[in-house]
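Please examine the sequence and the structure before reading on.

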Amino acid sequence: MPDRRLLYLGLAALLCVAAFMTIGLRGNIGFVLGLRAAKLAALLQVSVSIAVSTVIFQTVTGNRILTPSIMGLDALYLFGQMLLVFLLGGMGYAALDPQFKFGGEVLVLMALATGLLLPMLRRRVDMGLMLLAGVIFGVLFRSLHSLLARLIDPNDFAVVQGASFANFNDVRTDLLVFAAVLTLVGAAIAWRARHVLDIVALGPDAATGLGVTWARTVTGLLLLVSALVAVSTALVGPVAFFGLLVVAVAERLVDTRRHAVLLPAAALTAVFILVGGQTLFQHALGNSSTLGVVIEFAGGLVFLLLLVLGSRK
Amino acid sequence: MIRIENVSFRHGPTNILHDISLTIPKGGITALVGPNGAGKSSLLSLISRLQTLQEGSITIDGLPVDTTPNRQLAKVIAILRQDSIVASRLRVHELVGFGRFPHGRGRLTEEDRAIVGQSLQQFDLADLADRFIETLSGGQRQRALVAMAFCQGTDYLLLDEPLNNLDMYYARELMRSLRAIADEKGKTIVIVLHDINQAGAYADRIVAMKDGRLIADGAPAELLNTDILESVFGFRMPVEVVDGKPVALHFR
Ligand SMILES: Nc1ncnc2c1ncn2[C@@H]1O[C@H](COP(=O)(O)OP(=O)(O)OP(=O)(O)O)[C@@H](O)[C@H]1O
Ligand SMILES: [Mg+2]
């Protein structure tokens, strides 16, 4: 049954991709197709990395309301980026090869995120506490980010300022190749870990009883989540509620939490919403820059809904 | 054989277990009894490496629990905790199937499926196999958790208050199933029980704990005795013999 639904979801996502590539082709077709393909590649990577990182993060923390971005991971990424500019200076930073720079930022995020979150996940902490910690982390890193922004040279600031908010319309295509490698490797690792993730969802005690080494497994999964968050934040900027929206919808569509089904379902749902939404806004509504706002709005509503439903239980 | 030697355990400043030594031979049912807070769950957590050993040593079939790889231990010992939380959106047969995880790392072979089916049968869950866990009653859920532990197929089975939430019928069914498993398959079962008469009727041996110490240990016929029960639970209860078995009248 879930397999059939996964198939439909796949077809729907494929349809969106086809529509994105073909609707309204005009002028130099080869050139336009090339542009669209690059943008499509970025959107696909963002979809996969946000969906997969959110599913894994929810499984590790044992709840449906937390996502990496709600825990402030994307703010942490931007802070790491600013920190690099601060340490290297704008000229040095701008002179670096973008792929190389991105690699450094990914590593910084992986180190910072694991260092901060691991102590909390050694045992599972209560959700209220995690949420609070996330809000505090988020505010803290955004403040540190703007503090550093004030400290550095205005010229240096211009170098990083571009990437501080979500924009699905204007993606960073210069990072595509490196990001693609990260996304593919990350998705492959997540897929291989799908059975372990089912067990991790049962919590530290049950997982230990079934032979999963909790601390090591959770560390590995957090590193994976940070790398994937770095991919999406680098390509389109911070997205707060998209992951939450995607996983909540996917889980209801396939009606299971088994990762062998949920991981692909979440990725396909993300593609459907992001690529489909982009196509719709670009051609039917004529204003593609508002997609980010609409998605965040819908995701925010889902967040509130889950909070209200969850607290009533 | 589970060999516990000089184990002490503390949470911060409070001593929870004091220098416990206990050997549980292979085969049979050992019941662990004692008042709330005696340290029964703590002891089971240490044996099953859910808590890190602080002092003393514990080995299972010669494998030290603190240094043996977790994967290897998961094929030797299974534990059902007193307060298992269960992830939602899981069906009963999926949960029970997770018990096979240590053997195939998640891939279920035909043999695994047969064992899952057998466990579902054994604990009368066949009709509930496709239900979501969160839609079950407390007792049904408890049975699913026991089935999952059983499905792990280990020689040693630690069960912390598995009779919680079970009605009289299923409590008796579960104890009979455990007796059958111990007798026919030679499994070693350590079970925490609050109903002293269930312990008396089904266990081969009863170990009583109080305030983090072992205070009595013996066959049911020796242990179900007014004086010993008073020293464990703090009140006197008459013990009558019915059908050749001692029965404590603790409710009077
Ligand atoms: N995390 C903890 N922090 C501090 N004290 C704890 C902790 N967990 C257990 N304890 C204490 O350890 C003692 C033993 O607890 P344990 O859960 O082992 O008792 P138990 O015999 O299983 O009781 P019950 O019959 O109520 O299940 C209790 O006094 C309890 O208060
Ligand atoms: Mg207990």
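The questions below move from the interface to the single chains.

This is a predicted model, in which local features need pLDDT of at least 70, side-chain atom pairs count only at pLDDT 80 or more, and totals for chains, interfaces and linings use all residues. Residues are numbered from 1 along each chain as its sequence is written, chains are lettered from A and ligands numbered from 1 in the order in which they are written, and side-chain values use heavy atoms, with hydrogens and water left out.

Q: What area do chain B and chain A bury between them?
A: Contact is defined by heavy atoms within 4.5 Å. On the two sides, 26 residues of chain B are in contact with 21 residues of chain A. Buried area is the accessible area (1.4 Å probe) that two parts lose on being put together, summed over both. Of this area, 56% lies on carbon and sulfur atoms, and the total is about 2,000 Å².

Q: Which three residues supply more than any other three of the area that chain B buries against chain A?
A: Together the three account for 29% of the area that chain B buries against chain A. They are Arg89(B), Phe98(B) and Phe101(B).

Q: Which residue of chain A meets Arg89(B) in a salt bridge?
A: A salt bridge is a side-chain nitrogen of Lys or Arg within 4 Å of a carboxyl oxygen of Asp or Glu. Across the interface of chain B and chain A, the rule finds three salt bridges. For Arg89(B), the N to O distance is 2.1 Å, and the partner is Asp255(A).

Q: Which element gives the most residues to the side of chain B that touches chain A?
A: Helices (H or I, at least four residues) and strands (E, at least two) are DSSP runs, numbered from the N terminus. The elements of chain B that give two or more residues to this side are helix H2 (70–73), strand E6 (77–80), helix H3 (92–98) and helix H4 (101–104). The element that gives the most, with three residues, is H3(B).

Q: Where in chain A does the salt-bridge partner of Arg81(B) lie?
A: Arg81(B) forms a salt bridge with Asp205(A), with the closest N and O atoms 3.2 Å apart. Buried means under 20% relative accessible area, exposed over 50%, and partly exposed in between (1.4 Å probe, protein chains only). Arg81(B) is partly exposed because its relative accessibility is 24%, whereas Asp205(A) is buried at 16%. The pair crosses from the loop between E6 and H3 of chain B to helix H10 (residues 204–209) of chain A.

Q: Which residues are joined into one network by salt bridges that share partners?
A: The side chains of Glu251(A) and Arg257(A) meet in a salt bridge at 2.6 Å, N to O. Glu251(A) is buried, with a relative accessible area of 5%, and Arg257(A) is buried, with 6%. The network joins Arg64(A), Glu251(A) and Arg257(A).

Q: What is the radius of gyration of chain B?
A: The radius of gyration is taken over C-alpha atoms, and the globule rule is 2.2 Å times the number of residues to the power 0.38. The C-alpha atoms of chain B fill a box of roughly 50 × 45 × 35 Å along the principal axes, and buried residues make up 51% of the 252 residues. A compact globule of 252 residues would have a radius near 18 Å; chain B agrees, with 18 Å.

Q: Why is helix H1 of chain B largely enclosed by the rest of the structure?
A: Helix H1(B) spans residues 40–47. Its buried residues include Leu43(B), Leu44(B), Leu46(B) and Ile47(B). The helix is largely enclosed because the buried residues number seven of the eight.

Q: Which backbone oxygen does the side chain of Thr217(A) reach?
A: Thr217(A) is found in helix H11 (residues 214–236) of chain A. Leaving aside its neighbours within four places in sequence, Thr217(A) is in contact with Val196(A), Val200(A) and Val212(A). At 2.6 Å, its side chain reaches the backbone oxygen of Thr213(A).

Q: Is Met21(A) buried or exposed?
A: Met21(A) lies in helix H1 (residues 2–22) of chain A. Beyond its neighbours within four places in sequence, Met21(A) is in contact with Leu33(A), Arg36(A), Ala37(A) and Leu40(A). With a relative accessible area of 18%, Met21(A) is buried.

Notes. Polar contact = N/O pair within 3.5 Å; in protein donor to acceptor, adjacent residues only side chain to side chain.
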